[in-house]
Amino acid sequence: MKIFNIKINLRLLLIAAAAVFLAVLIPILVFNLRSPVLIVIENSFVLFYGEKRLEKDISGSSRALFRSVKVVNVSNEASDDIIPYIISEVSKRPYCVIFPSRFSGAASFYNVLNPSVRIVILEGRNSTGSGNSDFFTYKTDIDTDFYRAGLAAAAFDNNKKEKIIVFIHPHNQQAINAFLRGINEQINPPQVLFFSSFLEFSENFPEKTGISCVVLCGAGSEFFDEKIGVPVILFSWTDPSLVPLDVVMIFDDSPLAQVNRVMAMVSSSKDNGVISSNLSIFNRININRQILRKIKKI
């Protein structure tokens, strides 16, 4: 009788072990058999995005999508007609290829050679919107990003009625209007001064005092040399570990930051749309807790 029970227990253990083995093996097999998502980037992108951060984000997106995410790293000098062949070296049958809008020419070449592959064009904040309408085309949600930045800048001012300094190219009128909407939600909104360069700022605001917050969007990075010590809101793809301690918020609309939401829209067959930036908040200059709570609500 004991021998019989031992045989039954051994059989149950073997069945349980086989079930565990298959439960682990099958997802791994399915994951590796699924076609990957490819993201085209330039060599220079990796330098300021950070290699470790890149690897971490790729790994996180792969797990979230249950599909391998791979980058196609191309030379800054690579021509549009060469890039499709570089992509093919990474994967012969990708599920989707994501191109920043500056590679729209390469996307068209790739489409001719691989008409069955889904192609996404990502248009960032400064894009001219010249993407091919035959592709999935998603833009950075400028209205949402700059509205949130305006709310945050007003919170940093905290009714001190000091000045908000914004470095932004003047052609970004949509962004400027969205930012002012956020600022004006405060009961006593602070004054906002817009500059297209640090030189313009120095010439028109030489005293550099009475500032409660600075916003940097594609211009004015020289401001960090002033070491004024006020909160800085930064629109950038730069690795947060590389920016000065004054930076308290980063709006990141890089392809790596947006890939999960891109794939959700592709899966739902949404041909075009907008995607807000990833927002990171830091408290490295001892921000008032009440202000910090307001910022986190944003």
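Are Asp 145 and Arg 148 buried or exposed? The points below take up this question and some related features of the model, which is predicted.

1. Both residues, Asp 145 and Arg 148, are buried. Their side chains also meet in a salt bridge, with a distance of 3.4 Å from N to O. The two residues belong to helix H6, which covers residues 142-157, and because they are three residues apart there, about one helical turn separates them.

2. Another of them is formed by Glu 42 and Arg 102, whose closest N and O atoms are 3.1 Å apart. Glu 42 is part of strand E1 (residues 37-42), whereas Arg 102 sits in the loop between strand E3 (96-100) and helix H5 (104-113); the pair therefore ties together parts that are 60 residues apart in sequence.

3. Glu 42 has a relative accessibility of 15% and so counts as buried, the cut-off for buried being under 20%. Arg 102, at 40% relative accessibility, counts as partly exposed.

4. A further salt bridge joins the side chains of Lys 139 and Glu 123, at 4.0 Å from N to O. This pair links distant parts of the chain, since Lys 139 is in strand E5 (residues 136-140) and Glu 123 is in strand E4 (residues 118-123), 16 residues apart. Lys 139 is partly exposed, its relative accessible area being 43%, while Glu 123, with a relative accessibility of 5%, counts as buried.

5. The next point concerns strand E9. In a regular strand, side chains alternate between the two faces of the sheet. Strand E9 comprises residues 232-235, and both of its faces are covered. Val 232 and Leu 234 are buried on one side, and Ile 233 and Phe 235 are buried on the other.

6. Which strands does E9 join through bridges? Strand E8 (residues 211-217) runs parallel to E9, and four bridges join the two. Within this pairing, Val 215 has Ile 233 of E9 as its bridge partner. Four bridges also join E9 to strand E10 (residues 247-252), again in a parallel arrangement. Here Leu 234 stands opposite Ile 250 of E10. Ile 233 and Leu 234, named in these two pairings, are both among the buried residues of E9.

Technical notes. Residues numbered from 1 in each chain as written. Predicted model: local features only at pLDDT ≥ 70, side-chain atom pairs only at ≥ 80, totals over all residues. Heavy atoms only, no water. Buried < 20%, exposed > 50% of the residue type's maximum accessible area, 1.4 Å probe, protein only. Pairing = 2+ DSSP bridges.
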